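Welcome! Here is a short briefing to read alongside the sequence and the 3D view. Take a moment to look at both before moving on to the notes.

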Amino acid sequence: MSARIAFLGLGAMGSRMAARLVQAGHHVMVWNRSPAPARALASAGARRALSPREAADGADFVIAMVRDDEASRDVWCHPETGALTAMAPGSVAIESSTLSLGGLRTLQEAAGRAGIDLLDAPVSGSRPAAEAGQLVFLVGGAAEPFERARPVLQAMGGAVQHVGPVGHGALAKLVTNTLLGVHVAALAELLGLLHRQGVPPQTVLQAVAGTPVWAPVDHYLSTSMLKGDFSPQFPVELIAKDFAYALSAGGGMARMPLAAAAMDVYHQALAQSMGAENMTAVARLYGASAPAP
């Protein structure tokens with residue numbers, strides 16, 4: 001059954017997610033701050049809106065996929081153009097951006113005042129997963145709106161996990177990204193060790209891959225680092241932002257020293273103008289990567 005869906009934010013992830021909804025036969029209204037991505041979706045069957053408010057008017061579900069707390073607050077809560085100003089009571093707001101807990105609480109309070117059901121539904125997965133409809137949704141919210149939204153989320157994701165009330169989705173995403181970011185920083189550092197010792201890293205990694213500590217994502221991460229292929233799937237600047245949100249939620253550096261140390265690695269990469277590159281570009285900090293092609 002098709003639904004009326006507004007999609008706000010058509011960046012690298014959002015444009016692919018919205019395209020999956022169009023392909024699934026939903027009636028999709030899209031908005032983006034810059035018009036080119038919205039025009040591309042319109043050519044594929046979506047309709048364009050000039051503001052989040054216009055996109056949300058009459059929608060059963062409104063989904064946002066934007067950069068950070070500030071962008072989220074603007075698309076949902078702006079007094080003139082925000083989506084919440086046009087949503088009907090009983091419709092469902094789905095926030096798929098990675099937000100801080102404070103940013104999410106602000107949105108939850110605003111949605112509550114408007115009589116809108118809110119789900120925080122950030123995703124795990126990169127651009128290829130979004131394009132293939134294989135994202136993992138980590139959803140916080142009440143059971144009834146979650147069940148209503150499940151078919152919509154399943155059109156974009158290979159797995160839809162309900163992890164608890166509003167806020168738990170954001171926590172699950174921050175835990176996921178922090179674990180990934182620590183993992184990336186450690187792998188980059190260890191590849192630097194192998195290079196300094198004059199050891200062919202592929203030989204050692206092949207052996208390590210046969211042990212229980214090798215994670216499924218390690219093949220992709222190590223290949224990216226060794227080839228110097230840092231085309232952005234998850235840019236340094238975004239994972240650095242997520243580390244800041246995680247440390248804020250976790251009580252700061254004293255309570256999360258390992259995460260703080262990993263965040264410093266990404267800040268070093270930012271200082272060396274790697275912000276737009278993939279997170280694996282931190283391998284260059286340790287001489288653990290081939291030159292970029």
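**How the chain comes together**

Among contacts in the protein chain between residues at least 6 apart in sequence, 65% link residues that are at least 24 apart. Keep in mind that this is a predicted model.

**Overall build**

- The protein chain holds twelve helices and nine strands.
- Its radius of gyration is 20 Å, close to the 19 Å that the globule rule gives for 293 residues, so the protein chain is as compact as a globular protein of that length.

**Inside the protein**

- Of the 293 residues in the protein chain, 50% count as buried.
- The largest nonpolar core is made of 34 residues.
- F7, M17, L21, V30, I94, F137 and M156 are the residues with the most contacts inside that core.
- Take F137 as an example: leaving aside residues up to four places away in sequence, F137 touches M17, S96, A121, P122, V123, L153, M156, G157, A159, V160 and Q161.
- Another core, of 33 residues, lies apart from the largest one, and its members include V182, A188, W214 and V265.

**Surface and charge**

- The accessible surface of the protein chain comes to about 13200 Å², and carbon and sulfur atoms account for 56% of it.
- The protein chain carries 21 positive and 22 negative side chains.
- The centres of these two sets of charges lie 3 Å apart.

How values were computed: Residues are numbered from 1 along each chain as its sequence is written. This is a predicted model: local features need pLDDT of at least 70, side-chain atom pairs count only at pLDDT 80 or more; totals for chains, interfaces and linings use all residues. Side-chain values use heavy atoms; hydrogens and water are left out. Helices (H or I, at least four residues) and strands (E, at least two) are DSSP runs, numbered from the N terminus. The radius of gyration is taken over C-alpha atoms; the globule rule is 2.2 Å times the number of residues to the power 0.38. Buried means under 20% relative accessible area, exposed over 50%, partly exposed in between (1.4 Å probe, protein chains only). Contact means heavy atoms within 4.5 Å. Accessible areas come from the Shrake-Rupley method with a 1.4 Å probe; for residues, only the protein chains shown count as cover. Lys and Arg count as positive and Asp and Glu as negative; His and the chain ends are not counted. The place of a charge is taken as NZ of Lys, CZ of Arg, CG of Asp or CD of Glu. A nonpolar core is a set of buried Ala, Val, Leu, Ile, Met, Phe, Trp, Tyr and Cys residues joined through side-chain atoms within 4.5 Å.
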